Amino acid sequence: MRSCPACGAANGETDDFCGNCGSYLGWSRQSGAPGPGATGSGSIAEAAATAANSPATGTGTAASAGNGVTEPGREPESAQAQGTSPQAAPGAAAPSAGPSASGPATAPPHAASAAPTSPAAPPAPATPVQPAPSVASQSAAADPAPITAVQPAKPVAGRPVVRPAEVHQTDGPPCPVCGTPNQPGRRFCRRCAAPLQAAEPVAPLPWWRTRWPFRRRVRSGSGRLFRTLVTLAVLAALAVGVLFLLPAGRSLFEDTRDKLGKATAVSPSRVTASAEIPGHPAGNATDGLSNKYWGAPSVGDSLTFTFQAPFRLVDLVVTSGASTDPPVYRSEARPITVDLVTTTSKGLVAHKAITLTDKPGPQTIPTGISDVVTVQLVVRSAAGTGQGRHIALGEIEFFKRS
């Protein structure tokens, strides 16, 4: 049995993946005996020694003759070829018969044949005819390069051991991915680690769960109530925001159109006054002449302008005083604060306080009021009032968006 390195569950010897957690079991396999190709240093040394003594390797008699090394009890090939023995040449240098402390001794090529003879030695007898040298000696004489000792080979690491053929399991449920049979109770395939337990079928969601923000699948008790409350709060805030911001947004839109559009003058169909000075009727306020004006007896008097069709009142131009000439302008009282009261076609009434500058000439007041049918100006305060003076309002002009 093999233990899983991740969860410790027991598995079969032929399993590649854990049946409990699906982890790979190849890293937990124990290394077996060394393969047939693995050899120790002792066997390598023995093989090297055998190869050195073998005739096929060229380290035997022929190699020794070519290398100039004489084995004990054997005459060199060069001495046999000349018909003389090493003892017959006392003046010649005798080659070493054994290896030195640092390794096997080697002699220079053709050392035996090139050794000189002593001049005092008597001439050698006639050399008998020797047989032809062997092939090994000819090859050794033809190769002048010395042959040195061979170092033993380095030990080689063992090759991987081939795992024996596995016995395939024929019983058990097959893997839905690779089809390998597995033992009952396994959660993952022993060959490909695919999950063996089939997932339960998921019921389709109702139609309202497929719409945002309810399309997310949640478990019971996982914050569904909190998300529902947050969603309702957001929707309520949006409703309140639309309710309060819609008028402001509409006003901003209309103001933008007023600035981008062109304003044109509009004349009222009727003008009435709450009180007037004789010779200075209410109609003088819309006659287009700056030297005629409406005269109000006191503060609190008003002018009412009625229009034939509703329109958007973009600007209001007011010219106060008896005239645009400064001396005449100061001869009568002038309105300073005026209340602008507008009435729409639906009956809605809007109030706006207007402060005028005490100087001659027209003054433009932006209004931006839609669906206007009636405009009323009420004098709240005046400058230059006194005994025998009345309030003079020279001209009133209205402009609508074209």
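How many helices and how many strands are there in the protein chain? There are 7 helices and 10 strands, where helices (H or I, at least four residues) and strands (E, at least two) are DSSP runs numbered from the N terminus. Keep in mind that this is a predicted model, in which local features need pLDDT of at least 70, side-chain atom pairs count only at pLDDT 80 or more, and totals for chains, interfaces and linings use all residues. Residues are numbered from 1 along each chain as its sequence is written, and side-chain values use heavy atoms, with hydrogens and water left out.

**The chain overall**

- Of the 402 residues in the protein chain, 24% are buried; buried means under 20% relative accessible area, exposed means over 50%, and partly exposed is in between (1.4 Å probe, protein chains only).
- The protein chain exposes about 26,300 Å², and carbon and sulfur atoms supply 60% of that; the areas come from the Shrake-Rupley method with a 1.4 Å probe, and for residues only the protein chains shown count as cover.
- Take the contacts (heavy atoms within 4.5 Å) between residues at least 6 apart in sequence: 62% of them join residues at least 24 apart.

**Strand E7 and its partners**

- E7 runs antiparallel to strand E9 (residues 362-383), with 10 bridges joining the two; strands count as paired if DSSP finds at least two bridges between them.
- Within that pairing, valine 341 sits opposite glutamine 376 in E9.
- E7 also pairs with strand E8 (residues 349-355), again in the antiparallel sense, over 7 bridges.
- Threonine 342 has alanine 350 in E8 as its bridge partner.
- The hairpin of E7 and E8 has 4 residues between the strands, and glycine 347 there takes a positive phi near 90°.

**Salt bridges**

- Side chains of opposite charge can pair when their charged atoms come close.
- The whole structure holds 8 salt bridges, each being a side-chain nitrogen of Lys or Arg within 4 Å of a carboxyl oxygen of Asp or Glu.
- One of them joins arginine 401 to glutamate 254, with the closest N and O atoms 2.9 Å apart. Arginine 401 is in strand E10 and glutamate 254 in helix H6, so this pair ties together parts that are 147 residues apart in sequence.
- Glutamate 254 counts as buried because its relative accessibility is 13%.
- Arginine 401 also meets aspartate 258 in a salt bridge (2.9 Å, N to O). Aspartate 258 lies in helix H6 and arginine 401 in strand E10, so here the parts tied together are 143 residues apart in sequence.
- Aspartate 258 has a relative accessible area of 14%, so this residue is buried.
- Glu254, Asp258 and Arg401 belong to a salt-bridge network that also links Asp255 and Arg312.
- Elsewhere, the side chains of arginine 334 and aspartate 358 meet in a salt bridge (3.1 Å, N to O). That pair links distant parts of the chain, 24 residues apart: arginine 334 is in strand E7, and aspartate 358 is in the loop between E8 and E9.
- Is arginine 334 buried or exposed? Arginine 334 counts as buried at 8% relative accessibility, whereas aspartate 358 counts as partly exposed at 37%.

**Aromatic pairs**

- A pair of aromatic rings is described by the distance of the centres and the angle of the planes.
- Rings of Phe, Tyr and Trp (its six-membered ring) pair if their centres lie within 6.5 Å; planes under 30 degrees apart count as stacked, over 60 as edge-to-face and the rest as tilted.
- By this rule the tally is 4 aromatic pairs. In one of them, phenylalanine 305 and phenylalanine 398 have ring centres 5.0 Å apart and planes at 65°, so the pair is edge-to-face.
- Phenylalanine 305 lies in strand E6 (residues 302-320) and phenylalanine 398 in strand E10 (residues 391-401), so that pair ties together parts 93 residues apart in sequence. Both phenylalanine 305 and phenylalanine 398 are buried.
- Phenylalanine 307 and phenylalanine 311 make an edge-to-face pair too, at 4.8 Å centre to centre and 65° between the planes.
- Phenylalanine 307 counts as buried at 6% relative accessibility, and phenylalanine 311 counts as buried at 7%.
- Phe305, Phe307, Phe311 and Phe398 form one aromatic cluster.

**A nonpolar surface patch**

- Leu225, Phe226, Leu229, Val230, Leu232, Val234, Leu235 and Leu238 make a nonpolar surface patch of about 820 Å².
- Patches are built from residues with over 30% relative accessible area and no salt bridge, joining like charges within 9 Å and nonpolar side chains (Val, Leu, Ile, Met, Phe, Trp, Tyr) within 5 Å.
- Phenylalanine 226 lies in helix H6 (residues 224-260) and is exposed, with a relative accessible area of 60%.
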